[in-house]
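Here is a quick look at helix packing and nonpolar cores. Have the structure open while you read.

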Amino acid sequence: MNDQTKIDQDRAERTEKLQGMGCKRKRVEDVRFTQGKGSYVDDLKLPGMLFGDFVRSPHAHARIKSIDTSRAKALPGVVAVLTAADLKPLGLHYMPTLAGDVQAVLAEEKVLFQNQEVAFVIAEDRYIASDATELVDVEYEALPCIVDPFKSMLPDAPILREDIQDKMEGAHGPRKHPNHIFEWKIGDKEATDAVFANADVTIKEMLVDHRTHPSPLETCQSVASFDKVKGELTLWGTFQAPHVIRTVVSLISGLPEHKIHVIAPDIGGGFGNKVGAYAGYVCSVVGSIVLGVPVKWVEDRMENLSATSFARDYHMTTELAATKDGRIQAMRVHVLADHGAFDACADPSKWPAGFMNICTGSYDIPTAHLAVDGVYTNKASGGVAYRCSFRVTEAAFAIERAVELLAQKLGMDAAELRIKNFIKPEQFPYQSALGWEYDSGDYHTAMKKAMDTIGYTELREEQAKKREAFKRGETRELMGIGISFFTEIVGAGPAKNCDILGIAMFDSAEIRIHPTGSVIARMGTKSQGQGHETTYAQIIATEIGIPADDIMVEEGNTDTAPYGLGTYGSRSTPVAGAATAVAARKIKAKAQMIAAHMMEVHEGDLEWDVDRFRVKGLPEKFKTMKEIAWAAYNAPPPNMEPGLEAVNYYEPPNMTYPFGAYFCVMDIDVDTGVAKTRRFYALDDCGTRINPMIIEGQVHGGLTEAFACAMGQEIRYDEQGNVMGASFMDFFLPTAVETPHWETDHTVTPSPHHPIGAKGVGESPHVGGVPCFSNAVNDAYAFLGAGHIQMPHDAWRLWTVGEKLGLHT
Amino acid sequence: MIPGTFDYHRPATIEDAVALLSRLGEDANILAGGHSLIPLMKTRLASPDHLVDLSGIGNLKGIKVEGDTLIIGAMTTQFELIASEALERHVPIIAETSRLIADPQIRYKGTFGGNLANGDPGNDMPALMLCLGATYSVTGPEGSRQIAARDFYQGAYFTSLEHGEILTSVSIPIPAAGHGYAYEKLKRKVGDYATAAAAVVITMADGKCTSASIGLTNVSDTPLLASGAAAALVGTSLDRTSVDAAVLAAEVITSPASDMRGPAAYRTKMAGVMVRRALERAQSRAKG
C-alpha cells in the first residue's frame with residue numbers, strides 16, 4: 001500500500017465515522033419512537049391537572065339564543081364551564097388568525113360551522129368533562145347556510161360574519177361583499193388578455209382541488225399551566241411553530257413574552273394542521289389562568305377532522321394559450337377560494353393565496369395573470385398548506401392538469417409538450433411571469449432520466465394496444481399513464497416578502513461545543529417526524545468534523561431554542577439547515593485560530609481535513625476538533641474569549657425550487673370504478689441530499705398522502721352544512737394494503753444560494769404526486785372523450801364517469 | 001370519543017347472563033367482541049347503562065360437525081373461523097368471508113355471533129347465513145328456541161331477538177361436496193364495510209346448475225336473500241343470458257342508502273357486479 005492510498009483510506013474511515021451529509025444514517029429519534037417511548041402532549045401528567053372538553057355546534061349556521069350551563073356545573077367533578085360571556089371581558093372571545101382575520105374562540109351570538117366551539121367544560125377528569133358537555137343547554141335558531149362557495153357572493157346570500165359586516169376593508173384590501181375576504185391579483189392582465197385574444201389554441205377548464213384535511217395521527221392538543229405567584233405561563237402543545245405561538249399568546253393575553261414558556265414535545269405528524277392557533281389552546285390557557293391549576297385539552301379524531309384547519313377547497317378556472325406547434329404563450333387563472341367561516345390560512349402574511357403564483361410551473365410561460373377571490377362559507381375555517389408550501393399543491397395541480405388538457409387539444413404527446421416548454425438550464429436564475437426568481441434547475445435531464453427508466457415509449461405502445469382491445473370488448477380495464485413535472489417553491493423566506501404577523505421568516509441555529517468535544521445544537525424549527533435530530537447533526541458533523549452520534553439536536557422549547565418560525569412549507573432544511581451550516585462555519589473559523597495557536601503556526605498555514613486542522617505539507621502535524629474544543633475552554637489564544645459556540649439567524653436570500661418528474665401507470669376497472677396503481681416512479685431533485693434514507697422516507701410519505709388526496713380523501717358537506725365522513729371509517733387514510741409500491745430516483749441540482757446547496761424535500765412528493773395520479777386517471781378515460789374528471793377519484797365517481805360515457809351497457 | 005358511564009357484568013353461565021338481562025331490562029346491552037358496540041358508545045350513539053359481557057361463558061365457543069350439520073358457537077372469533085380445518089373442509093366460504101371482515105386485530109376479538117346478532121346491515125356474515133340457510137339457537141327467559149336466519153333480520157339493528165335473549169350457536173347445513181362458492185366484497189379500503197357484497201353457493205351437474213343460493217350484504221337495511229336471482233340460474237349452464245337475468249334480479253331487490261361509499265344507483269349496480277363475479281368464481285370452483 002503506498003502512502004497516498006493509506007492517506008485516502010484513513011480519510012475515508014474518518015469520514016465514515018462522522019456519519020455526516022450524504023450517508024444513510026439511521027434515525028436517532030426512532031430509538032424512542034419504535035419502543036413507544038416518545039413523549040407527546042397527552043403523555044404529560046401534572047399534579048392537580050384538569051381536563052377541558054368542548055360543547056360544539058350541531059348547526060352550520062345558527063343564532064345562539066341562550067346558553068345554560070347550570071346542569072353541567074352541577075355535575076360532581078365539573079370545575080368550570082367557559083362561554084363567550086366569560087371570555088369577552090378579557091377580550092379573548094375572538095383571537096387573531098395568521099391571515100389577518102379574527103376567529104371566534106367560543107361562539108358569541110352565532111355559530112358559523114358545524115362543530116364550532118360553543119362552551120368549554122373543565123372537569124377533574126376527561127370522562128366527567130365529556131359527560132358534562134351533554135349537560136350544557138344551548139338554544140339555537142337555525143339560519144340558512146352557505147356550503148357552495150359560488151353562492152357566497154350572491155346579492156341575497158345570508159351574511160355570515162356579522163362581526164365584520166361593516167368592515168369593507170380587509171387585511172388584504174377592499175371586500176366586494178360581506179362574505180368576501182380578499183381579492184389578490186398578480187401579473188399583467190392586459191398583456192395576458194391580448195395573447196389569449198390572438199392565440200392559435202386555447203384551453204379553459206374549471207379544476208377543483210377539493211377540500212380535505214392534513215389528518216396527522218396525533219390530534220391537536222395542549223396543556224397550560226399558569227403559576228399565579230410568578231405570573232408565568234407554561235404551555236405545552238402540538239405546535240409546528242412554538243415561538244410564533246409564544247408571541248401570539250403574549251399579544252392576545254397581555255402576558256410579557258419572557259414569562260411565557262412554550263414547549264412542543266414530540267409531535268405525531270403535522271402536515272400543516274399544527275401551524276395555527278386553535279380555540280382549545282386559548283381555552284386551556286384561560287382555564288389555567290382562572291383556576292390556577294394545569295388544564296389539558298385533547299382533541300378527538302372527529303373534532304380534528306371537522307373543526308381544526310382543513311386544506312385546499314380551491315376552484316381554479318385555468319386557461320392556457322399556445323401556438324399550433326405547442327409553444328405555451330400565456331396562462332390565465334382565476335381562483336375561487338373557500339376559506340370557511342374564518343380566514344385561518346397559515347400563509348406568510350402578505351400572501352393571502354400563499355404561493356399560488358408558482359402556477360406557471362416548470363414552463364417558460366412569458367405572460368400570465370392570476371386572480372384569487374377568497375370567500376366565507378359555513379364550513380370549518382382554514383385552509384392550511386397540507387404537506388406543501390403555501391398553496392403549491394393547488395398551483396402544481398392547475399398547471400399540470402392544464403398542460404395535459406392542452407396536449408390533448410393539440411394532439412401532442414403530453415411529455416413532449418412539457419419538454420418543449422421547459423425552462424432551459426441556461427435560463428436559470430429564471431424570472432417567472434408571476435414574480436418568482438427560480439434559483440436553479442435542470443428539467444430536461446430529470447425528464448429524460450425518468451422517461452428512460454419508466455420505459456415511456458413502451459408504455460404508450462402498450463396503452464395503444466389496450467385501448468384497441470377495450471374498443472373491441474376484449475377487456476374491461478382502462479390503462480392510464482400519468483405524468484407530472486412539478487416545480488416547488490419552499491423555504492420561506494426572504495424578509496422582503498415573507499413574514500408572519502410582522503415577524504420576518506428567518507430561522508436559527510445555536511451550536512455549542514462542550515470541552516470534551518460533544519455538541520448540543522438547538523434550532524428554531526420543530527420536527528413532527530421529519531427526522532431533524534438526525535439530519536441537522538449530519539450537517540454539523542460534516543461541517544465541523546465531530547461525529548453525528550456526539551451531537552444532540554434539540555427543538556421545541558422556546559426558553560432554550562433560538563427564535564425561529566417553525567417547521568412547515570419545507571423550510572427547515574432551506575432556512576434552519578442553512579443557519580446550522582453558517583453557525584458551524586463560525587465555530588470552524590474560531591477553531592482554526594485556536595488550532596493555529598496550539599501548533600504555533602499561522603492560521604493560513606492550516607488546512608481542513610475531515611475532522612481536524614493540519615499543517616499544510618505536514619500531515620502528521622494536526623489537531624482534531626475534539627482537541628481544539630478542550631483548548632477552546634482551557635487554553636485559548638491570548639485575547640480570545642474562551643468557549644466554542646455560535647448562533648446564526650439566517651435570512652434566506654431567495655426561496656429554493658425543488659422539482660421532480662413523476663410517472664404513474666394505472667389500471668381502472670370500468671365496471672366498479674376501482675383504480676389500481678400498477679407503477680409509480682418518482683424522481684426528485686432536492687439539491688444536495690443530506691440523508692438519502694430520510695429523503696426516501698419523506699418521498700414515500702408524501703406520495704402516500706398524494707395518493708390519498710387524489711384517490712378519495714375528502715371533507716365533504718351536505719346541503720345543510722353537515723360535515724360528512726369525519727372519521728377514519730370514511731376519511732381515506734391509506735393503509736399498507738392500499739398504498740402502491742413506490743419507485744424513487746433522483747438527480748442533484750444544488751441550490752446556488754444555500755450554504756450546502758440543499759432545497760427541501762418533505763413536500764415535493766405530495767405536490768407532484770396529486771396531479772400525477774389525477775393525470776393517470778384522466779389519461780385512462782381521455783380517448784373515450786371524457787373531458788376533465790374532477791378529484792377525488794374514488795371508485796363511485798369513476799364508475800359515474802363510465803356511466804356517462806355509456807360504458808356499462 | 002369517550003363513552004358515558006356504564007356498569008360492567010361478566011356472568012359465568014348462560015343462565016346467569018339471561019337472568020341479568022331480564023333483571024337489568026332495556027338499559028342493558030350484550031357485549032361480545034365489542035367491535036360494533038364500543039365505537040357506537042364512544043361516539044355516544046349508544047349509551048347503555050349496563051354491559052353484559054359473554055366472554056366468561058365457556059361453552060359459547062367452538063366449531064363442531066354433527067352429521068351433515070355444522071355448529072358454530074356464537075362467541076367463536078373471526079380468527080378462529082379462519083383457522084378452522086373443519087370449516088375449510090366443509091364450508092370454506094365462511095373463512096373466505098371472515099378474511100374480508102375488518103382487519104387481523106379486529107378478527108382476533110370480533111365474534112361470529114356478534115356479527116350476526118347486532119343487526120348491522122353492513123356486517124358480512126348475515127347475508128352468508130341467509131345464503132347457507134343457517135338456523136340460530138337463542139336462549140332467553142322463556143327457554144331456548146330456533147330462528148331461521150332468513151326470518152331473523154327485520155330492519156337495521158332490528159332482529160327477531162327479544163330483549164333478554166342471547167344468540168348461543170348457529171347450525172349450518174353442510175353444502176353438497178363439490179359445491180362452488182364465492183364471497184365477493186367491494187370495499188374502499190381495509191377495514192371498511194362493503195359498498196356491496198355477494199355470497200354465492202351453487203352446485204353443478206353435467207354442466208348445469210342444480211342449485212343456487214345468493215345473499216347480498218349492505219345494499220338494504222337488512223341482508224338480502226336473492227331468491228329470484230338464484231331461481232334464474234337453476235337448470236341453466238350459467239350462460240351469459242341467465243347470468244344477466246340473475247344479476248338484474250339481484251339488483252332489483254336492493255334498496256341501498258346513498259353514503260360516502262357512493263350513491264344508491266352505484267351500490268345497486270355494484271351488488272350486480274359482485275353477484276356476477278362471485279358466480280364466475282363459484283362456477284370455476286364447482287365440480288360437476
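Axes here are lines fitted to C-alpha atoms, for helices over the stretch in contact, and angles run from 0 to 180 degrees between N-to-C directions. Keep in mind that this is a predicted model.

With that in hand, take helix α11 (residues 240-252) and helix α12 (residues 264-285) of chain B: their axes come within 8 Å and cross at roughly 140°. Angles over 145 degrees count as roughly antiparallel, and α11(B) and α12(B) are therefore oblique to each other. The crossing is right-handed. On the α11(B) side you'll find B:Arg240, B:Val243, B:Asp244, B:Val247, B:Ala250 and B:Glu251, meeting residues of α12(B) that include B:Lys269, B:Val275 and B:Leu279. Sorted by class, that contact has five nonpolar, two polar and five charged residues.

## A crossing in chain A

Over in chain A, the axes of helix α17 (residues 692-711) and helix α18 (residues 764-782) come within 8 Å and cross at roughly 40°. This pair is oblique too, and α17(A) passes α18(A) in a right-handed crossing. Among the contact residues are A:Leu703, A:Phe707 and A:Met711 of α17(A), plus A:Val770, A:Phe773 and A:Val777 of α18(A). The class count is eleven nonpolar, five polar and one charged.

## Nonpolar cores

The largest nonpolar core has 146 residues, and A:Leu320, A:Phe355, A:Met356 and A:Tyr781 have the most contacts inside it. Helix α10 (residues 392-410) of chain A supplies the largest share, twelve residues. A:Leu320 touches, among others, A:Phe196, A:Ile365, A:Ile399 and A:Leu406.

There's also a second, separate core of 46 residues, which includes A:Ala521, A:Ile546, A:Val575 and A:Phe613.

Notes
Residues are numbered from 1 along each chain as its sequence is written. Chains are lettered from A and ligands numbered from 1 in the order in which they are written. This is a predicted model: local features need pLDDT of at least 70, side-chain atom pairs count only at pLDDT 80 or more; totals for chains, interfaces and linings use all residues. Side-chain values use heavy atoms; hydrogens and water are left out. Helices (H or I, at least four residues) and strands (E, at least two) are DSSP runs, numbered from the N terminus. Angles under 35 degrees count as roughly parallel, over 145 as roughly antiparallel, 65 to 115 as roughly perpendicular and the rest as oblique. A crossing is left-handed if the near helix is turned anticlockwise from the far one by less than a right angle, and right-handed if clockwise. Contact means heavy atoms within 4.5 Å. Ala, Val, Leu, Ile, Met, Phe, Trp, Tyr, Cys and Pro count as nonpolar, Asp, Glu, Lys and Arg as charged, and the others, Gly among them, as polar. A nonpolar core is a set of buried Ala, Val, Leu, Ile, Met, Phe, Trp, Tyr and Cys residues joined through side-chain atoms within 4.5 Å. Buried means under 20% relative accessible area, exposed over 50%, partly exposed in between (1.4 Å probe, protein chains only). Lists of a residue's contacts leave out its neighbours within four places in sequence.
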